[in-house]
Amino acid sequence: MFSPTRLRRARLQRGLSRSQLHQELILLGVLRCRAMMDLWESGRSEPRASEVQALATILQIPIADLYESKGSEE
């Protein structure tokens, strides 16, 4: 399951604001509105597979780091 907590943590570790992350996504061809960052980080929406790939690329982490295992409390 996609982890909003892990997304936020990775973004902050890279020193990116949500707006900066949004701009980086645009550069990779992910054309979503800025409000999607809020929805993803709040857990009210999940990014598509291609968006997860782009997030992992920008955040310089493995895709698996954006997911929690079953039974995890994150």
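Colleague: What covers the buried residues of α4?
Modeller: In this predicted model, the cover includes α1, α2 and α3.

Colleague: And which residues of α4 are buried?
Modeller: Glu 51, Val 52, Ala 54, Leu 55, Ala 56, Ile 58 and Leu 59.

Colleague: OK, how do α2 and α4 pack?
Modeller: Their axes are 10 Å apart, at an angle of about 115 degrees. That makes α2 roughly perpendicular to α4, because angles of 65 to 115 degrees count as roughly perpendicular.

Colleague: Is that crossing left-handed or right-handed?
Modeller: The crossing of α2 and α4 is right-handed.

Colleague: Which residues meet there?
Modeller: From α2 you've got Leu 21, Glu 24 and Leu 25, and they meet Ala 54, Leu 55, Ile 58 and Leu 59 in α4. By type, the residues of that contact are six nonpolar, no polar and one charged.

Colleague: What does Leu 66 touch?
Modeller: Leaving out residues up to four places away in sequence, Leu 66 touches Met 1, Phe 2, Ser 3, Arg 6, Leu 7, Val 52, Leu 55, Ala 56, Leu 59 and Ile 61.

Colleague: Last one: which residue just after α4 takes a positive phi?
Modeller: That's Gln 60, with a phi of about 55 degrees.

Note on methods:
Residues numbered from 1 in each chain as written. Predicted model: local features only at pLDDT ≥ 70, side-chain atom pairs only at ≥ 80, totals over all residues. Heavy atoms only, no water. Contact = heavy atoms within 4.5 Å. Axes fitted to C-alpha atoms, helices over the stretch in contact; angles between N-to-C directions. Helix = DSSP H or I, 4+ residues; strand = E, 2+ residues; numbered from the N terminus. Parallel < 35°, antiparallel > 145°, perpendicular 65-115°, else oblique. Left-handed = near helix turned anticlockwise from the far one by under 90°. Nonpolar A, V, L, I, M, F, W, Y, C, P; charged D, E, K, R; others polar. Buried < 20%, exposed > 50% of the residue type's maximum accessible area, 1.4 Å probe, protein only.
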